[in-house]
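Hi everyone, thanks for coming.

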Amino acid sequence: FMGSETSAPAAQEFKDGPIKEASAETMTMRATLGAGCYWGTENYVKNTWGKDGSVTRSAVGFMGGAGANPSYDAVCSGRTGHVEVLDVDLADPKGAGPAVVYENLIRYFFQFHDPTTMNRQGNDAGTQYASVIL
C-alpha cells in the first residue's frame with residue numbers, strides 16, 4: 001500500500017494481512033478496497049458505514065502496478081497500473097464477531113459502487129478506478 005492518512009498520497013508500505021492484531025478481548029482487522037475515487041470510497045466507508053465505530057483508521061493511496069512511489073499524475077495517466085484504494089482498520093463495536101463485521105463491509109462495498117463497469121465509477125474513468133478487494 002502506498003498512501004497516506006493525509007490529503008496528499010505519500011509512500012507507505014502495506015505488509016500486514018487482513019488480521020492486524022488479535023487477542024482474546026479484541027481483534028482489529030484490515031481491509032483494502034478499490035471502488036473508484038479513493039476520497040469517495042473513504043467517505044462511504046468511514047463516514048456512512050463506519051459511523052458506529054467500526055472504522056478505527058483510514059488511509060487512501062495506491063496499490064498494484066509497476067514502480068515504487070508513483071505520483072498522482074503518473075497513476076492517472078494509466079501508465080503505472082496502480083489502483084486508487086482505501087485501507088481501513090476495522091473494529092467490532094457491537095460484538096458481532098470479526099467475520100460478521102468483514103462480511104457487512106463487503107456487502108456494503110457492493111452496494112455503493114458498480115463493479116461491472118470496468119475501470120470506471122460514475123464520471124470517473126481510468127485504470128486507477130478499478131474495483132478490487134485486497
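Quick definition to start: helices (H or I, at least four residues) and strands (E, at least two) are DSSP runs, numbered from the N terminus. With that, reading along the sequence gives you β-β-β-α-β-α-β-α-β-β-β, that is, three helices and eight strands.

Some housekeeping. This is a predicted model, where local features need pLDDT of at least 70, side-chain atom pairs count only at pLDDT 80 or more, and totals for chains, interfaces and linings use all residues. Residues are numbered from 1 along each chain as its sequence is written, and side-chain values use heavy atoms, with hydrogens and water left out.

Okay, what share of the 134 residues is buried? It's 40%, where buried means under 20% relative accessible area, exposed over 50%, and partly exposed in between, with a 1.4 Å probe and protein chains only.

Now the rings. There are seven aromatic pairs; Phe, Tyr and Trp rings (six-membered ring for Trp) pair if their centres lie within 6.5 Å, and planes under 30 degrees apart are stacked, over 60 edge-to-face, the rest tilted. Take Phe-62 and Tyr-72: centres 6.3 Å apart, planes at 40°, so that one's tilted. Phe-62 sits in strand E4 (residues 55-63) and Tyr-72 in helix H2 (residues 72-76), so the pair ties together parts ten residues apart in sequence. Phe-62 is buried, at 3% relative accessible area, while Tyr-72 is partly exposed at 39%.

Phe-109 and Phe-110 pair edge-to-face, at 5.0 Å centre to centre and 80° between planes. Phe-109 is buried at 1%; Phe-110 is partly exposed at 43%.
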